[in-house]
Amino acid sequence: MADERNIRSHFYEKVGFRGVEEKKVIEILLREQPFDLRKLSQFCLKFPVPAVYRPLVWKVLLDILPVYQDSHEFVTAMRTDQYNDLHHSLEVMRKIDDHTPLPVVFLKMFHIEEGTLVFDEESLISRPSSQAFIAMATSVLDTVEDNVDAYWLTAKFFKLQERLTDIMHMLPDRTEHFLQKEDLDGKLYEKIIALNIMSAIPVSRWFRCCYAGVLPDTAFERIWDKVIGGSCKVLVFVAVAIFLTFRRPILSMSSAADIVGYLEQIPSDSADIIVGKAIELWQKYGGLLQPSGVKGDSPVIIERPPT
């Protein structure tokens, strides 16, 4: 407990506050004008963002809203107009109707905005990247009330994930590496490798959607806090934590199909355990407490490839 207090005190010192609870810290950070993106990123890396402030923090770090709060009303109106224009364009083109699922509507809106909408709807929706987008949109729609916010959060987070492509392809190998280190007797690791479970799932799908649709909403949000704060390395440790948490049932199963089927139905009461274990491992192996650099023109901080 003393160690935890010391860590917190160190963090508060780094951002200029001492002896204040996390909620008070984020409230103080959000009163700063303009918002300090580095401090907000640091907070996301160190703590779960309080639910009441999460939409605002995400929107600022994902560049949906500017750092100047006085401009938020104007920018929100502009974002709403953009949303309505994209939606109306799809209606005019007869690409959507009243029966089109909203996550699919968001996907097509995103591709219109990017100038990449194709005529072959089936090929568009079947792409792995599109399936990831749809999973993200579905989860975000379950966590925010406003469809405009849901679209922009999904679109901007998806673009962040796209910018991480150079790092993402390394994550399955790093998952194997850290699973081997954490599986003390080697039995779980050997079974995962022998049955090629990493490819059977595949874990690349978990990373691509950042656990949207894999973990319950209250759990995936805590993982997205870290990714938006600047660390995609945490995704590796979520996968490791899933395998470690379900070690006993995995070892009792004889086929890859049974294991994959089991892991597709992660119980909601296990989600907090998984996320807690994942964050503990992430911190153990060097989880970022300081954002390490900016990529492109995004205010979101991107870490170096995991080692």
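Is the crossing of helix 3 and helix 4 left-handed or right-handed? I looked it up: the crossing is left-handed. (A crossing is left-handed if the near helix is turned anticlockwise from the far one by less than a right angle, and right-handed if clockwise.)

**Ground rules.** I'm working with a predicted model, where local features need pLDDT of at least 70 and side-chain atom pairs count only at pLDDT 80 or more, while totals for chains, interfaces and linings use all residues. Residues are numbered from 1 along each chain as its sequence is written, and side-chain values use heavy atoms, with hydrogens and water left out.

**Whole chain.** I counted 19 helices and 0 strands. (Both are DSSP runs numbered from the N terminus: helices are H or I with at least four residues, strands are E with at least two.) Of the 307 residues, 50% count as buried, meaning under 20% relative accessible area with a 1.4 Å probe, protein chains only. I also noted contacts (heavy atoms within 4.5 Å): of those between residues at least 6 apart in sequence, 67% join residues at least 24 apart.

**Helix 3 with helix 4.** Two packed helices are described by the angle between their axes and the distance between the axes. For helix 3 and helix 4 (residues 54-61), I noted about 125° and 11 Å. (Axes are lines fitted to C-alpha atoms, for helices over the stretch in contact, and angles run from 0 to 180 degrees between N-to-C directions.) That angle makes helix 3 oblique to helix 4; under 35 degrees is roughly parallel, over 145 roughly antiparallel, 65 to 115 roughly perpendicular, and the rest oblique. Helix 3 brings Leu 37, Leu 40, Ser 41 and Cys 44 to the contact, and helix 4 brings Val 57, Val 60 and Leu 61. I sorted these residues into 6 nonpolar, 1 polar and no charged. (Ala, Val, Leu, Ile, Met, Phe, Trp, Tyr, Cys and Pro count as nonpolar, Asp, Glu, Lys and Arg as charged, and the others, Gly among them, as polar.)

**Helix 3 with helix 15.** Helix 3 (residues 37-46) also packs with helix 15 (residues 217-229), at about 145° with axes 8 Å apart. Here Ser 41, Cys 44, Leu 45 and Lys 46 of helix 3 meet Asp 225, Lys 226 and Gly 229 of helix 15. My sorting gave 2 nonpolar, 2 polar and 3 charged. This crossing is left-handed.

**One residue.** I picked Thr 154, in helix 9 (residues 147-163). Is Thr 154 buried or exposed? Thr 154 counts as buried, because its relative accessibility is 0%. Leaving aside neighbours within four places in sequence, Thr 154 is in contact with Phe 133, Met 136, Ala 137 and Val 140.
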